[in-house]
Each structure stands twice: as structure tokens, then as C-alpha cells.
Amino acid sequence: MLLDRSAAAPLAVQLADGLRRATVGGSLRPGDRLPSTRELATVLGVSRTVTAAAYDQLLAEGWVQGRRGVGTFVVGTPGVGPAAAPPVLPAAVTPAPAGGAGHVDLRAGSPCLEVLDRAAWRRAWRAAGDLAPDGRPDGHGDPGFRAAVAEHLLRHRGLVAGPDDVLATSGTSAAVAEIAALLPAGARVAVEEPGYQRAVGALRDRGVTVVPVPVDDDGLVVDALPDRLAAVYCTPAHQYPLGRRLSAPRRSALVARARTEGWWVLEDDYDGELRYDVAPLPLLAALGPDVVVHLGTASKVLSSTLGVGWMVAPGPLRDGLVERRARTGTRPPRAGQRVLAALATSGDLSRHLRRLRRELVARRALVLAAVEAGGAVAHGDLAGAHVVVPLPDAATEAAVLAAAEQRGVLLDGLARHHASPAGPRRSGMVLGWAAPSRTELVGALAILTDVLTATVPKEPGSARRQDRAR
């Protein structure tokens, strides 16, 4: 705290003003003990008369309280007006709706924590803590983590990759942002429309021009991709949010165009481990390891607590990312990497995935039954932890979401998943079932059925046309 001896205001007044500002700003908090008048006078180089006068003024105003034999303590901020309004978000930013206290969350994108073996979770954290601390971490990531990811990809995704091919990341969106930072200024990246808006935000935040490309029942429409792209971002295993997989012919076409036209394919393996009917189609990274960047994360199958993901990238791009990490000093933290490696090495990760698949496919049947009972239709492959329930228009979507929230259930609308503010938008619900407990889910689905019955216009035979996925 600086006092200006040349100022017109007396030193005691300046000191009192400074202490008030510190309290309002939060650097002094209720309960904090102030220095004695003698100590503060010594620190500031003023007489004790100055500090005592300032304390007396604050005591009279109710900012501080003296306790005999103990000291002077901050008690609050009397007379402070209301806080300034928070800054308004730019119109292009559409955040996901915030969760309300006591609400059951039926939005997609959260992990199913109910099936997580807490004993295995604790064992993995203890095993991670037994390893020696890092001195100067490798920008590639923890060696044990990279080896575990390579084994995981081979076992569960059929991708042949060695530990040297794997880079640790802080998650899919963080990996997209890192890649975008290597692209030239003004680079154009195609994204699915509708699609994953966090990836879109990561691209735009790096100055990339986002080009929305339509999606249909066979995934990204490859023929609609424009020329002069730097990359294409897609979710081929289980498209988010429409819930379909990219067909085999389109996978081949996408890789062929990437090679011919010289751009990267960013393959977000969203829900890749969670298919319940048939074996998944080959990864894009297996079809085109020279042009495809494979991205995965532990956030949806384990917990966002770990904050870890992985990337299998062609050598030139991988080297560029490692060099940038060294130059900027940024790298994903290693604690979560070591926990995931411990889960994989012990076999607990594979056991968890088996439990997770059994639980999620059982919950899916409950969701489909509830939607059908409400007279609506669900679309989506037999995979992942969400389906889409199309609705006739934006007004119906808003009415369904509002009615459900009033009764304690959070739903997500389809409209916000579009990157183009002016283009056509689909209306509907993106309905997830991983976040709540089984008991909470059953109760929330009963409410959902009531809301759909009361809100959504019915067509003859609509319940019989329920799409139970391929």
C-alpha cells in the first residue's frame, strides 16, 4: 500500500481508503487480522498517529472490529453497492445451459460415475503417487501413459500404434486448440453441422475460419466439403450430436480427398469404445495414418477429474506439436496420465469398460421406452450414451426444455449445436442418460414422458415408428 505525502488528502485518509479498497477487492477478507497500529506504522514509515486514526475511522464505519488483547479484524464491506453486471457474451457464443441444484441431468457428454469402481480408482491414485516426481517432463507425455494408450487402442479400437506415436493431451478440445495453433493464419477448417461446439470454439479462438458442412444418416457429407481447407474435424464413430457413424464409403472418400488435396483429418473418437451391436468400422487413422490425427479422451468413459486425452498423429505434425510445447512451456499435467496408466496396467480399465457398456445399453432401453411412451421418435445408432429426439420446430424445442426444467429435469436442445448463426437449424433434444444414478434416471424419464405427451404434437402411428437404431 503506497501513501503519497504530496497529495492533498491526509495520510490517515489515504490509508483508510486503501484498506477499504483492499476489502472490496478481496485481498482483505472478513476474519483477516490487520497488523497492529505500531507494526503498520513501521512498515509504511509513518507515525503511529496516522495508523491509529485510520483504524478508528474504519472501526466507526463498521469495516473492522477490535478485540481487546487480540487485535483488529476485518468484518465486512458496509455500504458497498451492488456488484457491476458481468460482461455480456458475444452473440456468437452460445454456452450450454447451466445445471440447477437438485435437477436431474439428462444432457449428453457426462460420464457414468455410478459404475466406477471406487476401490480401483483409489488404487490407481495410490500407484500414481508411488512414482517419483518429475523434474523436467517430456513434452510427449508420461512414458507409461503412452504405452498404456497404445495397448488400449490396439485392444479396444484395433489401431496399431506404438508408444512413440502417441502424444498425451489435456483432452480433445485442448488437442484441437494445439493443432489449430500450428495452422497458418486464416486457415479454413471444416466441421460437422450440427457438431461439437467446444471444438468449434477451440478453432475459432486460434483465429481459424470454421466452415460448417452438413451431416446426414451416413455422417459427414464428404461431397459437400469445399476446396482450400487446412483440415476437417469430425466424429466418425458416433457423430455428436446426431448419433450416427460415418459410413465405410465416406471414410474411404474422406481419406482419399485428404491425401489428394493436402489437408489433415482430425478424428475425434467420441464414444468409440461404446458400441453395442456390431464391431465398429475401422478407424480413419487406420485407413490413413499419413493424413489422420486420431484424438481420444478419458473424460467420457472414466472422469473429467483426470483431465487427460491422447493423440496419434503423423510424424511431421507430432514433431511440430512437441516443438511448440517446448517453446511455450505448455504441456498436459502428468498426474492424470499416471492414474490412467495404472488403471490400464492392472486390468481395471478393461473391466470398467465392460461394466460401462452393460449399464449404458440397459439404460438406453429405458430411454427409448420413455420416449416412445411420450409419442415421440428417437434417432441414433446402438452406441454411446445419447440419442436425438427430433421436434417439429424451435418453439416446441424451447417448450419441452422449459417444461422439463420446471419439473427438475435438465435437457439439451439441438439448436445450439450449430456453428453457423445464419444457416438452417434442426430442432430437437439431445437426450443423454449417463450422468444420473439409475434411480434418478427412472424418475426423470417418467417426467420426460409426461412432458412429451403434453407438449409434442402427435402424428398417427408415430410411436410405432420408433427408431431403435442400426
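What is the mean pLDDT of the protein chain, and what percentage of its residues reach 70 or more? The mean is 89, and 92% of the residues reach 70 or more; pLDDT is the predictor's confidence in each residue, from 0 to 100. This is a predicted model, in which local features need pLDDT of at least 70 and side-chain atom pairs count only at pLDDT 80 or more, while totals for chains, interfaces and linings use all residues. Residues are numbered from 1 along each chain as its sequence is written, and side-chain values use heavy atoms, with hydrogens and water left out.

**Confidence along the chain**

- Helices (H or I, at least four residues) and strands (E, at least two) are DSSP runs, numbered from the N terminus.
- Over residues 462-470 pLDDT stays under 50, and the model has 34 contacts beyond four places in sequence for them. Contact means heavy atoms within 4.5 Å.
- Where pLDDT is low, the predicted coordinates should not be read in detail.

- Three strands form an open sheet in the order 1-3-2, with antiparallel pairing; two strands pair if DSSP finds at least two bridges between them.
- Strand 1 (33-34) and strand 2 (64-67) are at the edges with a single partner strand each, so one side of each has no neighbour in the sheet.
- Helix 3 (residues 48-61) packs on this sheet and touches strand 1, strand 2 and strand 3, its direction making about 110° with that of strand 2. Axes are lines fitted to C-alpha atoms, for helices over the stretch in contact, and angles run from 0 to 180 degrees between N-to-C directions.
- Four bridges hold the antiparallel pairing of strand 2 with strand 3 (residues 71-74), where Val-64 stands opposite Val-74.

**Strand 11, enclosed on both faces**

- Six of the six residues of strand 11 (residues 292-297) are buried, so this strand is largely enclosed by the rest of the structure. Buried means under 20% relative accessible area, exposed over 50%, and partly exposed in between (1.4 Å probe, protein chains only).
- In a regular strand the side chains alternate between the two faces of the sheet.
- On one side of strand 11 the buried residues are Val-292, His-294 and Gly-296, and on the other they are Val-293, Leu-295 and Thr-297.
- Strand 10 (residues 264-268) runs parallel to strand 11, joined by four bridges, and Leu-266 has Val-293 as its bridge partner.
- Strand 12 (residues 309-312) runs antiparallel to strand 11, also with four bridges; here Thr-297 stands opposite Gly-309.

**Helix 13 against helix 14**

- Helix 13 (residues 394-406) and helix 14 (residues 438-455) pack at about 140°, with axes 10 Å apart.
- Residues making the contact include Ala-399, Val-400 and Ala-403 of helix 13 and Val-451 and Leu-452 of helix 14.

**Backbone points to look at**

- Most residues other than glycine have a negative phi, and most peptide bonds are trans.
- Glu-193 and Pro-194 are joined by a cis peptide bond with omega about 0°; Pro-194 lies in the loop between strand 6 (188-193) and helix 7 (197-205).
- Another cis peptide bond, with omega about 15°, joins Tyr-240 and Pro-241.
- Arg-228 is not a glycine, yet has a positive phi of about 60°, and counts as exposed at 69% relative accessibility.
- Asp-271 also has a positive phi of about 60°, but counts as buried at 9% relative accessibility.
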